[in-house]
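Let's take a quick tour of a protein model, one topic at a time. Keep the picture open as you read.

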Amino acid sequence: PAIELDGVVKEYLARGEVVQAVKGVTLTIAEGEFFSLLGPSGCGKTTTMRMVAGFEEPSRGTVRLHGRDVTNVPPDKRDVNMVFQSYALFPHMNVWENVAFGLKRKKVPAAEITRRVGEMLEIVDLTGREKRRPREMSGGQQQRVALARALVNRPRALLLDEPLGALDLKLRQAMQIELKRIQREVGITFVYVTHDQSEALTMSDRIAVMNDGLVEQLAGPREIYERPATAFVAGFIGTSNLLRGTVDRVESGAAVLRLGQEGRVLVAEAPHRAGDAIAVTVRPEKITISTEEPAGGVSAVRGTVSEVVYLGLYNSYAVSLADGAEVTVFQQNALDSTSTAERGDAVWLSWQPHHS
Ligand code: ADP
Ligand code: MG
């Protein structure tokens with residue numbers, strides 16, 4: 001593995017009180033992987049990255065890079081580089097000088113510097129812009145210079161802390177694709193920090209979803225989306241409905257949940273007993289709206305349409321349940337779709353048991 005964190009904790013003393021920024025993170029990142037740390041602001045992503053890079057020492061736990069314990073090794077003795085949101089380019093140097101800076105300081109021979117900087121500018125698509133100063137370039141171009149400056153050192157792993165945060169949406173989306181291409185081309189491990197779920201889903205091989213100093217789920221994008229491990233993950237990634245109820249009975253392996261209103265919810269997984277209070281999450285696009293009561297074998301609840309929003313590709317429905325809960329449903333607009341529910345309609349919502 002490229003990176004291993006084992007029970008890593010970081011505590012700060014703030015105004016006489018101990019604050020745990022990272023509460024015990026254990027994870028393994030494979031060589032060549034595009035790995036993301038995803039979570040809301042303040043959940044400990046940057047602190048975790050700073051411990052991998054060596055800018056912070058863990059209060060407890062171990063950090064290993066490519067099999068070597070580096071827990072107390074300074075940053076310049078680690079085979080990683082870090083790119084930040086604020087590119088911190090040298091304003092008085094042009095593109096070429098910015099990228100060459102680290103190599104010059106390491107006394108790399110001039111001919112090799114020329115070759116490596118040229119190669120790197122090619123990869124980040126800035127050939128021909130060697131003489132430009134940072135202020136003469138767009139945000140996206142500056143970020144690519146920062147990337148080239150980090151990659152020219154040939155680190156075995158690159159840590160990127162919200163590197164696209166300062167760019168507008170369109171540029172950010174273009175750079176996401178660009179970053180993925182660059183990672184494939186250089187073939188090294190990328191660890192990408194973001195609070196933007198769509199960014200993480202687009203680019204990553206695997207994602208660690210962090211909340212309050214802990215990893216709540218570590219899996220591939222599809223699994224994180226389709227099978228969120230906790231209510232937090234379900235709520236943080238995409239749109240999700242959270243329904244609470246108690247187990248009424250268990251029949252043929254599935255728990256039948258009472259939601260305090262007409263209908264039933266079938267929960268296929270995990271052992272449950274009658275009387276257990278549980279919460280289930282369902283994605284809006286997994287739910288079907290119908291006016292007729294659905295046949296058995298599916299989860300089905302009754303509600304009233306309180307809002308319909310036309311969104312082109314699909315409609316978004318807000319459906320109120322008897323207990324006051326509101327469920328969001330996305331229904332794709334088919335070519336010949338005529339059967340659309342309207343505001344005020346009494347409807348059934350149904351979904352397959354494995355979707356909750
Ligand atoms: P993220 O990058 O996910 O937004 P951070 O790792 O920056 O989160 O911060 C995690 C928590 O640790 C926050 O509550 C933050 O205020 C706290 N924290 C970070 N650095 C320090 C520090 N040097 N001193 C005290 N608290 C800190
Ligand atoms: Mg941060």
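Helix H4 passes helix H5 in a right-handed crossing, meaning that the near helix is turned clockwise from the far one by less than a right angle. Helices here (H or I, at least four residues) and strands (E, at least two) are DSSP runs, numbered from the N terminus. Bear in mind that this is a predicted model, where local features need pLDDT of at least 70, side-chain atom pairs count only at pLDDT 80 or more, and totals for chains, interfaces and linings use all residues. Residues are numbered from 1 along each chain as its sequence is written, chains are lettered from A and ligands numbered from 1 in the order in which they are written, and side-chain values use heavy atoms, leaving out hydrogens and water.

**H4 and H5**
- H4 covers residues 139–151 and H5 covers residues 169–186; they pack at an angle of about 20°, with axes 11 Å apart.
- Those axes are lines fitted to C-alpha atoms, for helices over the stretch in contact, and angles run from 0 to 180 degrees between N-to-C directions.
- The two helices therefore count as roughly parallel (angles under 35 degrees).
- The contact of H4 with H5 is made up of seven nonpolar, two polar and two charged residues. Nonpolar means Ala, Val, Leu, Ile, Met, Phe, Trp, Tyr, Cys and Pro; charged means Asp, Glu, Lys and Arg; polar means the others, Gly among them.

**The sheet**
- Four strands line up as E2-E1-E4-E5 in an open, antiparallel sheet; strands pair if DSSP finds at least two bridges between them.
- E2 (17–29) and E5 (68–69) stand at the edges with a single partner strand each, so one side of each has no neighbour in the sheet.
- E1 (residues 3–14) pairs with E2 over ten bridges, in the antiparallel sense.
- Helix H1 (residues 45–53) packs on this sheet, touching E1, E2 and E4 (60–65), and its direction makes about 115° with that of E1.

- Seven of the nine residues of H1 are buried (under 20% relative accessible area, with a 1.4 Å probe and protein chains only).
- The buried ones include Met 49 and Val 52.
- Just after H1 comes Gly 54, with a positive phi of about 100°.

**Asn 98**
- Asn 98 lies in helix H2 (residues 95–105).
- Its relative accessibility is 1%, so Asn 98 counts as buried.
- Leaving out residues up to four places away in sequence, Asn 98 touches residues including Phe 90, Pro 134 and Arg 149.

Conventions:
Contact = heavy atoms within 4.5 Å. Buried < 20%, exposed > 50% of the residue type's maximum accessible area, 1.4 Å probe, protein only. Parallel < 35°, antiparallel > 145°, perpendicular 65-115°, else oblique.
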